[in-house]
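Dear colleague,

I am passing on the structure below, and my notes on it follow. Please read them with the coordinates open beside you.

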Amino acid sequence: MLPTPSALLLDFGGVIVESGRSPRPEDSTYRHAALVQRVHRLTGGVVGEDEIRHALDEAKKARTRMRENTEECLEISHEQLWGELIAVEWPAVARATVLVHASDLTRQWARRSDWRLRPGIADLLDFTVGRGMQVAVVSNTPCGQAHREALDEFGLTGAIAVQIYSDELGVYKPHPSMIWAAARDLDVAAADCWYVGDQPHRDIVCARRAGAGAAILMPEGEPREVGENTPDAVVADGTELLALLRQAL
């Protein structure tokens, strides 16, 4: 039996929302078309659209490699993303131009039009609101503002007491400060929180290192459960998470 939580901490991608499965929205050329065109206009056409698209794809790969090769878990800023990864080889004027707009460009890069609520999440949040249970979002992202806007459009902002994002905090999961910051802002102990994520090597490890009361996995596919990656419980969606929460209260 899991400990009774005082608060629920949820990852954003993979827990609150999932992405569409059709091939077209998953294609980076399609997803970034508007961003590529905007950057092309901002730079006065100095950088071609194909070059911009290639730079975005390479920056995503470089950001992933950086995360895999460091234990510090320091999140890069919007300015670092554009100045040191995306536009690093562009003409100086073009690089300076995108740096001025770095935060809004990163918001556009992070936003996905195919986000949709995972099954049962709306019912889960209706339940927590009715019980007076605080909920926080704790998520790695290039731009938390993109997530804030999505939650607002889904009509969920009022059900979320605190939102903690890696680009705003300066570290990313599995750094325990992500969960500690949420617990502090909620005025509860980490040990009194459940943390729910979709990635064992980031979310479950983060919960363990932060001393969360329970580490719950909502995976896509079959999870690999090894050492500190092993969750206390596995749920398929928000409906199963709500059932688990009801049992614990």
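In this predicted model, Ser139 stands opposite Tyr165 in β5, at a place where β5 and strand β4 (residues 134–139) run together in the parallel sense over four bridges. These two strands belong to an open sheet of six strands, paired in parallel and ordered β5-β4-β1-β6-β7-β8. The edges are taken by β5 (162–165) and β8 (233–234), each of which has a single partner strand, so one side of each is left without a neighbour in the sheet.

Further into the sheet, β6 pairs in the parallel sense with β1 over four bridges, and the bridge partner of Leu10 in β6 is Val196. With β7, too, β6 forms four bridges in the parallel sense, Gly197 standing opposite Leu217 in β7. Five of the five residues of β6 are buried, and this holds for both faces, with Cys193, Tyr195 and Gly197 on one side and Trp194 and Val196 on the other.

Helix α12 (residues 200–210) lies across β6 (193–197) and β7 (214–217), and runs at about 165° to β7. Helix α13 (residues 238–248) touches β1 (7–10), β6, β7 and β8, and its direction makes about 165° with that of β6.

Helix α3 (residues 33–42) and helix α7 (residues 102–110) pack at an angle of about 160°, with their axes 10 Å apart, which makes α3 roughly antiparallel to α7. On the α3 side the contact is made by Ala34, Leu35, Arg38, Val39 and Leu42, and on the α7 side by Asp104, Leu105, Gln108 and Trp109; the residues of this contact divide into six nonpolar, one polar and two charged.

With best wishes

Notes. Residues numbered from 1 in each chain as written. Predicted model: local features only at pLDDT ≥ 70, side-chain atom pairs only at ≥ 80, totals over all residues. Heavy atoms only, no water. Pairing = 2+ DSSP bridges. Contact = heavy atoms within 4.5 Å. Axes fitted to C-alpha atoms, helices over the stretch in contact; angles between N-to-C directions. Parallel < 35°, antiparallel > 145°, perpendicular 65-115°, else oblique. Nonpolar A, V, L, I, M, F, W, Y, C, P; charged D, E, K, R; others polar. Buried < 20%, exposed > 50% of the residue type's maximum accessible area, 1.4 Å probe, protein only.
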